[in-house]
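Here is a friendly briefing for anyone meeting this structure for the first time. Have a look at the sequence and the model, then read on topic by topic.

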Amino acid sequence: MRSHQYPGKGATPVIDSGVDGTHGDFPNLVKNVKVVAPIVDLGIGGALYIDVPNSDLTSGHGTNVASTIGGSGARSGGKYKGVAPGANLIAVGAGEAISILYSLEGFDFLMDPDIRETYNVRVISNSWGSSGSHFAPFDPISIASKRAYDEGMIVAFAAGNDGPGADTLNPYSASPCVISVAAGAAKDTSTATNPLISQGVPGQLADFSSRGIPGDAIHHPDITLPGVAIVAARATTATIAQPYLGLDGLHPEPFYAALDGTSMATPHLSGLVALMLEVNPSLNLDGVLAAITSTAKPMYVQDATTGTTRQLAVWEAGAGYADAYAAVRKATETAGTRTTTVTTALPGWSGNVGLSVKLPVLDVTLVEASHTHNLVVPAGANALRIATSWGNPALDLDLFVYDPSGNLVGTSANGTSTGESVSVPRPTAGTWRVQLKGFLNTPTSYTGTAQVDTLVPVTQ
């Protein structure tokens with residue numbers, strides 16, 4: 001999910017429990033305030049905003065969220081760098097523990113022209129909300145979201161963690177003026193032995209991710225992004241976010257924590273939006289949403305009882321799993337003043353992967369098969385995009401892409417899908433190796449396609 005071709009300039013505020021600015025991963029934290037106000041304050045006035053080094057004094061929730069958006073990853077040698085490390089961060093500590101008491105005051109602070117214009121606030125990330133009710137247009141938070149929308153800001157809200165039942169959506173996220181974010185798995189943690197790590201398979205919708213109402217025009221997530229076992233910065237004062245111990249529980253990294261939730265998926269979306277605005281500052285929420293949803297990948301689920309596979313509906317996962325590269329590329333196509341993308345198709349191919357049988361629970365390979373294709377990539381490409389398709393979501397195959405030096409540079413291993421795809425930024429010219437490996441499949445025929453993208457200046 002994390003892509004650094006464009007670092008993501010501009011300001012991305014986080015209304016949350018705060019951010020630990022002393023951590024070491026936040027050189028781009030341009031404003032860090034703690035909201036001090038009476039609990040009954042209506043957001044009309046009277047709140048104090050105090051600049052502090054560390055505004056995340058208890059949970060560590062907000063620090064983890066901000067790290068996913070734009071943390072530098074310095075404490076991990078860059079391993080846990082955020083989605084948009086070039087984005088300036090504004091932390092608004094609006095509560096303690098996991099309770100956001102002063103969220104409305106947070107919106108008021110960010111809407112103040114002295115803040116909004118000075119820091120060029122474009123994205124407001126909200127990994128909080130409520131449940132048990134429906135969208136109310138005159139709720140103060142809904143009105144604040146509408147004000148931000150009218151000012152050209154993109155507001156993101158977590159869909160909620162009350163799934164898998166229907167009608168469990170965070171009502172703040174159902175507003176047509178915000179983007180509602182569901183949570184999926186992005187890495188294979190199915191064999192993790194650390195009991196604090198949730199198990200997941202790439203491309204799988206998280207069981208906890210809140211669902212909307214079937215057929216309803218607004219009560220549904222808009223898009224799904226990674227929200228399972230997300231490793232990001234841990235506040236030094238955190239009490240809820242425990243130190244990350246690795247997938248095996250034996251490799252402690254005390255400056256980081258692994259958390260689950262649509263709270264973790266939302267900053268992935270906010271970071272992605274920052275990247276899109278970097279290449280096309282003219283985008284508003286409608287343009288961002290159109291680009292993200294039109295390039296999303298379908299998501300599937302397999303019935304544990306019948307074994308049948310179906311595509312997840314909008315009320316469950318929105319438009320599907322976000323494709324970060326494709327969304328940023330879509331943004332470049334509509335920028336009009338900076339660059340445009342020229343796409344060149346490389347020769348396609350077809351192949352066959354024999355019967356493959358594995359026992360995922362035991363991680364035991366009984367029968368293994370694969371097909372390899374060599375691909376010549378020309379010089380000067382800005383990106384290489386490879387896609388394979390076999391059309392049957394009941395079959396599971398994984399894609400591996402190796403550069404001319406033999407290094408594995410890209411993988412795609414969705415648990416249930418009709419194909420796999422990989423995007424590689426700035427590929428080296430030469431002969432690349434593309435391998436499609438069976439995981440659980442009968443003998444399978446597939447087709448492969450490849451394209452290179454080149455960014456060229458737009459001629460005025």
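Four strands form an open sheet in the order β16-β21-β18-β19, paired in the antiparallel sense. At its edges stand β16 (370-377) and β19, each with a single partner strand, so one side of each is left without a neighbour in the sheet. From one strand to the next, the twist averages 20°. This is a predicted model, in which local features need pLDDT of at least 70 and side-chain atom pairs count only at pLDDT 80 or more, while totals for chains, interfaces and linings use all residues. Residues are numbered from 1 along each chain as its sequence is written, and side-chain values use heavy atoms, with hydrogens and water left out.

- Helices (H or I, at least four residues) and strands (E, at least two) are DSSP runs, numbered from the N terminus.
- Two strands pair if DSSP finds at least two bridges between them.
- Angles run from 0 to 180 degrees between N-to-C directions, with axes as lines fitted to C-alpha atoms, for helices over the stretch in contact.

- Strand β18 (residues 396-402) is largely enclosed by the rest of the structure, because seven of its seven residues are buried (under 20% relative accessible area, with exposed over 50% and partly exposed in between, using a 1.4 Å probe and protein chains only).
- In a regular strand, side chains alternate between the two faces of the sheet.
- Both faces of β18 are covered, with Asp-396, Asp-398, Phe-400 and Tyr-402 buried on one side and Leu-397, Leu-399 and Val-401 buried on the other.
- Strands β18 and β21 (residues 430-440) run antiparallel and are joined by seven bridges; Tyr-402 has Arg-433 as its bridge partner in β21.
- Strand β18 is also joined to β19 (residues 408-412), by four bridges and again antiparallel, with Leu-399 opposite Ser-412.
- The hairpin of β18 and β19 has five residues between the strands, and Gly-406 takes a positive phi near 90° there.
- Eight bridges hold the antiparallel pair of β16 and β21, where Val-377 stands opposite Gly-430.

**The eight-stranded sheet**

- Another open sheet has eight strands in the order β3-β2-β4-β1-β5-β6-β7-β8, with mixed pairing.
- Its edge strands are β3 (48-51) and β8 (223-226), each with a single partner strand, so one side of each has no neighbour in the sheet.
- Neighbouring strands of this sheet are turned by 30° against each other on average, direction ignored.
- Helix α1 (residues 61-70) packs on this sheet and touches β1 (11-16), β4 (88-93) and β5 (123-126), with its direction at about 160° to that of β1; contact means heavy atoms within 4.5 Å.
- Strands β6 (residues 154-158) and β7 (residues 178-184) run parallel, joined by four bridges, and Ala-156 has Ile-179 in β7 as its bridge partner.

**Backbone details in the loops**

- Most residues other than glycine have a negative phi, and most peptide bonds are trans.
- A cis peptide bond with omega of about 10° joins Gly-163 and Pro-164, and Pro-164 is placed in the loop between β6 and β7.
- Asp-167, in the loop between β6 and β7, has a positive phi near 60° without being a glycine; at 41% relative accessibility it counts as partly exposed.
- Ala-229, in the loop between β8 and β9 (230-233), has a positive phi of about 55° although it is not a glycine; at 3% relative accessibility it counts as buried.

- Thr-295 lies in the loop between α6 (285-294) and β11 (300-302) and counts as buried at 17% relative accessibility.
- A polar atom of the Thr-295 side chain lies 2.8 Å from the backbone oxygen of Ala-291.
- Not counting residues up to four places away in sequence, Thr-295 touches Asp-323, Ala-326, Ala-327 and Lys-330.
- Helix α8 (residues 324-333) is mostly covered, with eight of its 10 residues buried; among them are Ala-326 and Ala-327.

Definitions and conventions. A polar contact is a pair of N or O atoms within 3.5 Å; within protein, one must be able to donate a hydrogen and the other to accept it, and residues adjacent in sequence count only if both atoms are side-chain atoms.
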